[in-house]
Amino acid sequence: MCGRFAFYSPAEAAASLFGVEDPPPVEPRYNIAPTQYIAAVRAADDRRRELVMLRWGLVPFWAKEASIGNRMINARAETVAEKPAYRAAWRHRRCLVLADGFYEWHTAGDKKIPWFISAASGEPFAFAGLWESWNDPASDEPLRTATILTTAASPFMEQLHHRMPVIVAPAQSASWLDGDDDAVAGAIAAMPKMRAWPVSRTVNNARNEGAGLIDADGEALSEA
């Protein structure tokens, strides 16, 4: 799964990798948690790509209350096209969630140790995402939310967890945003090489922030 991640690269540089011109500024974040706002690239009405902020935890358009989104931070890539909560967004509302890395908790003995996973190149990347717009009866403002797709772990990630987010390289972004049925398979095949290292359990508290959260606290792993 993907329950916590970081995005701290300059938004202009990261967004430009995915075809966005003149993106708004985005505050660097090192401990992004569910229900917080995340930076995402999507196709605008004129088909140009835009960078928007979406609340993490998808609320289907037919939901009676927004709290359902708290349980829908991830969608399994294997079943997302058929699930009632996601299938409309799968067809019509895809997005790319910008990130520099994500956290995973690996069980070692009786301890759960947080690891930070990033691209081996150090460059930002994107998660495959879906977004929705929900009309709050108590407000005139629509609530726009998103979920991150996950898939079976790569051989590298299996060392830490059995699931991982679907990572989309810039070259695969058009296929994903255009709604291609085979976009997930293409993204997985083109996924960048990764690296990972253990970090302090300070990251366990979602209120903690700052670059020190991704400092290595042990030996790193790197994909050859």
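How exposed is Glu 50, by relative accessible area? I began with this residue in what is a predicted model. I found Glu 50 partly exposed, its relative accessible area being 25%.

**Entry 1: Glu 50 and its partner**

I next looked for a charged partner. Glu 50 makes a salt bridge with Arg 42, and the closest N and O atoms lie 2.8 Å apart. I then checked the accessibility of Arg 42 and noted 11%, so this residue counts as buried, the cut-off being under 20%.

Glu 50 is in the lining of the second largest pocket, together with residues including Asp 46, Arg 48 and Arg 49. By class, I noted 5 nonpolar, 1 polar and 6 charged residues in its lining.

I recorded Arg 48 as exposed, at 58% relative accessibility, and Asp 46 as partly exposed, at 44%.

**Entry 2: the largest pocket**

I turned to the largest pocket and noted a volume of about 260 Å³. I found 15 residues in its lining; nearest the centre are Ala 43, Arg 47, His 92, Arg 93 and Trp 131. Which helix gives the largest share of this lining? I found that helix 2 does, with 3 residues. Strand 3 (37–43) and helix 2 (87–92) each contribute at least two lining residues. By class, the lining holds 8 charged, 5 nonpolar and 2 polar residues.

I searched the whole structure for salt bridges and found 5. One of them pairs Glu 78 with Arg 163, the closest N and O atoms being 2.8 Å apart. This pair links distant parts of the chain, 85 residues apart: Glu 78 lies in the loop between strand 5 (74–76) and helix 2, and Arg 163 in strand 11 (residues 163–165). I looked up the accessibility of both partners. Glu 78 is partly exposed at 43% relative accessibility, whereas Arg 163 has a relative accessible area of 6% and is therefore buried.

Conventions. Residues are numbered from 1 along each chain as its sequence is written. This is a predicted model: local features need pLDDT of at least 70, side-chain atom pairs count only at pLDDT 80 or more; totals for chains, interfaces and linings use all residues. Side-chain values use heavy atoms; hydrogens and water are left out. On a 1 Å grid over the protein atoms alone, a cavity is a set of points where a 1.4 Å probe fits but cannot get out, and a pocket is an open set with protein on both sides within 12 Å along at least five of seven lines; lining residues have an atom within 4 Å of a point. Grid points are joined across faces, edges and corners, and a volume is the space filled by probe spheres set on the points. Helices (H or I, at least four residues) and strands (E, at least two) are DSSP runs, numbered from the N terminus. Ala, Val, Leu, Ile, Met, Phe, Trp, Tyr, Cys and Pro count as nonpolar, Asp, Glu, Lys and Arg as charged, and the others, Gly among them, as polar. A salt bridge is a side-chain nitrogen of Lys or Arg within 4 Å of a carboxyl oxygen of Asp or Glu. Buried means under 20% relative accessible area, exposed over 50%, partly exposed in between (1.4 Å probe, protein chains only).
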